[in-house]
Structure formats: C-alpha cells, structure tokens
Amino acid sequence: ETSRGMFLLYIWRKKCRYPELKRAAKNLCEEWTPHEVLIEDKSTGSVLIQDLQEERKYPIVAIDPGGVDKVTRMEAEASTIESELVWIPDNAGVMVKNEVAEHKCIWLPEFESECQDFPNSEYKDQIDPMSQYLKKQRERRQKKLPEMNLTVFGTMSKECYWSNEAI
C-alpha cells in the first residue's frame, strides 16, 4: 500500500496438491519478503498455517472469514476499488519485478474476467483473497497501524490453491 493506493502485482494460481502448495508458499515468501502472510484458516489453509508457523520463519496471519460468504465479503470492500485505490497492471505483457525475479502479468486476463463477471463468475477465488487483503488494510488504517506489504494464501474450489501477492 502507498499513499496512491494498493498495487496488485502478482497472482500465483495453480491446481496442485498440498506439498506443492507448501513449497510454493515458502518460495513466494522468500521471493516477495512480505511483512505479513494472510492465510484463510479453513481446510488446507489451516494445515498450511500450522506448518509455516512451526518453522518460525514466515510472518503468518490466520484469517477467519467467519460465517460471511465470498460475495458479501467483497461487497463490504468494493468502495476501495470504486474509489480507484486498487491498481493492477495495464496488460498481461507488463513485467513486474522484485529483488529476485521478473514476472509477466499472464494472470491478468483471468483475474479481470473474474472481476468483471463478479458476483456471477464461475469462480470467486481471486476476488475473495483480494477482499480479505482489502479488509485487513482498511482495519489497519482505522487503527492507524503502519501500512505493510501483505501476501495472501488460501484454497480454491476443486482442490486448487491460490496466492495473491499484493505489495
């Protein structure tokens, strides 16, 4: 997050089994060095939280979505997007760099499609972690806590997993 808004720079999304998810989470943490890693504390996310916290190397924050559905969670945070405070790359050809690697934004068309079709999109698995991130940042601003770079991990439907990198 910056004074101009929040920048969504990278999304990792892949259908995989838990061992690959755990490796990917660790690799993404090493690559992006977030101040906090938000993980939804449900199903596979609960196991991932325990495994990564046990290593005491990653700044894990368990997110409890409560009894609120994905659509309601996003609707609660939509004003941040409507206020043009969330920035995404212009197109899939844009290169995003961090200290370790450079990535093309090949994830962008799928993400944009999910956003445009929301709440009627087939999947809401990129929207949901974005809403959790936006909620965390809103709560941080309300408490006047320091702004931080966050990484979000959680489960996708159909045994897929996702990570949204927002820094």
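Which residues of α3 are buried? Keep in mind that this is a predicted model, then pick out Val-71, Arg-73, Met-74, Glu-77 and Thr-80: those are the buried ones in α3. As a reminder, an α-helix has 3.6 residues a turn, so residues three or four places apart point the same way. As for what lies over the buried residues of α3, the cover includes the strands β1 (6-15), β2 (36-40) and β4 (86-87), along with α5 (127-143).

Now look at the helix itself. α3 takes in residues 70-82, 13 residues in total, and from its first C-alpha to its last it reaches 18 Å, close to the 18 Å expected at 1.5 Å a residue. There is a bend along the way, though: α3 has a kink of about 45° centred on Ala-76.

Is Asp-128 buried or exposed? Asp-128 counts as buried, because its relative accessibility is 3%, and the cut-off for buried is under 20%. Set aside the neighbours within four places in sequence, and Asp-128 is in contact with Glu-40, Lys-70 and Arg-73. Of these, Arg-73 is one of the buried residues of α3. Met-74, also buried in α3, is 54 residues from Asp-128 along the chain, yet their C-alpha atoms are separated by 6.6 Å.

From here, turn to β2, part of the cover over α3. β2 runs parallel to β3 (residues 60-63), and four bridges join the two strands. Within this pairing, Ile-39 stands opposite Ala-62 in β3. To get from β2 to β3 the chain passes through helix α2 (residues 44-55), making a β-α-β crossover that is right-handed.

Finally, zoom out to the whole protein. There are five helices and eight strands, and from the N terminus on they run β-α-β-α-β-α-β-β-β-α-α-β-β. Of the 167 residues, 46% are buried.

Methods:
Residues numbered from 1 in each chain as written. Predicted model: local features only at pLDDT ≥ 70, side-chain atom pairs only at ≥ 80, totals over all residues. Heavy atoms only, no water. Expected span 1.5 Å × (residues − 1). Bend = angle between axes of the 7 residues up to and from the residue. Buried < 20%, exposed > 50% of the residue type's maximum accessible area, 1.4 Å probe, protein only. Contact = heavy atoms within 4.5 Å. Pairing = 2+ DSSP bridges. Right-handed = clockwise from strand over helix to strand, strands pointing away.
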